Amino acid sequence: MDAIAAWFGESLGQYIPAELVTFIVSLFPILECRGGIVVGRLLHLPLSVTLIISVIGNVLPIPFILLFIRHIFQWLKPTKHFGRIVCKLEDRAMKKSDSFKHGEFIGLLLFVGIPLPGTGAWTGALIASLLGMHIRKSSLAILLGVAMATTIMSLLMYGIL
């Protein structure tokens with residue numbers, strides 16, 4: 001993940017401002033705020049700027065995922081090309097959801113907050129939506145998880161730890 005974020009930083013950083021590169025990387029699934037922090041550090045942005053931009057970029061798509069992903073999946077499932085992809089995404093998300101079905105809020109918060117490959121706000125929002133979690137509850141858990149992941153990555157990337 002760091003290599004992908006670094007590539008974005010090096011490639012786009014030549015043409016557009018570092019803040020915008022950090023924001024764009026933070027929007028991407030898989031990279032999210034973790035990748036944004038890596039890019040912000042590589043492009044020598046101050047920690048405070050990197051944090052704000054990364055969190056905003058990471059959290060911006062989450063309400064749309066929570067509100068619309070089930071409808072989009074239902075619309076795409078019958079199609080020839082996207083049906084298999086949707087089924088794979090649903091299966092993967094549901095396999096990851098087993099770990100927090102009983103403690104939904106804490107499980108979702110930890111799932112989003114521990115910066116490991118395959119976890120994060122995008123996947124957490126997908127799981128919360130597929131499980132039918134209440135939007136306020138899932139939004140708060142995801143926001144707190146993003147704050148946790150951002151804190152961990154900032155401590156690591158900016159040499160505080």
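This is a predicted model: local features need pLDDT of at least 70, side-chain atom pairs count only at pLDDT 80 or more; totals for chains, interfaces and linings use all residues.
Contact here means heavy atoms within 4.5 Å. Leaving out residues up to four places away in sequence, I62 touches A121, W122, A125 and I142.

I62 also belongs to the largest nonpolar core, a set of 23 residues. I62, L108, V112 and I142 have the most contacts inside this core. Five helices each supply at least two of its residues: α5 (62–76), α6, α7 (104–113), α8 (121–131) and α9 (135–157). The largest share, six residues, comes from α5. There's also a second, separate core of ten residues, with L31, V38, V39 and M153 among them.

Now for L89, which sits in helix α6 (residues 83–97). Once neighbours within four places in sequence are set aside, L89 is in contact with F73 and L126. L89 and T123 are 34 residues apart in sequence, with their C-alpha atoms 9.3 Å apart in space.

Two residues stand out for their backbone angles. Most residues other than glycine have a negative phi. I30, in the loop between α2 (18–27) and α3 (32–42), has a positive phi of about 80°. E32, found in helix α3, also has a positive phi, near 45°.

So which of these residues are buried, and which are exposed? The table covers L89, I30 and E32.

| Residue | Relative accessibility | Counts as |
|---|---|---|
| L89 | 33% | partly exposed |
| I30 | 63% | exposed |
| E32 | 2% | buried |

E32 counts as buried because its 2% relative accessibility is under 20%.

Key: Residues are numbered from 1 along each chain as its sequence is written. Side-chain values use heavy atoms; hydrogens and water are left out. Helices (H or I, at least four residues) and strands (E, at least two) are DSSP runs, numbered from the N terminus. Buried means under 20% relative accessible area, exposed over 50%, partly exposed in between (1.4 Å probe, protein chains only). A nonpolar core is a set of buried Ala, Val, Leu, Ile, Met, Phe, Trp, Tyr and Cys residues joined through side-chain atoms within 4.5 Å.
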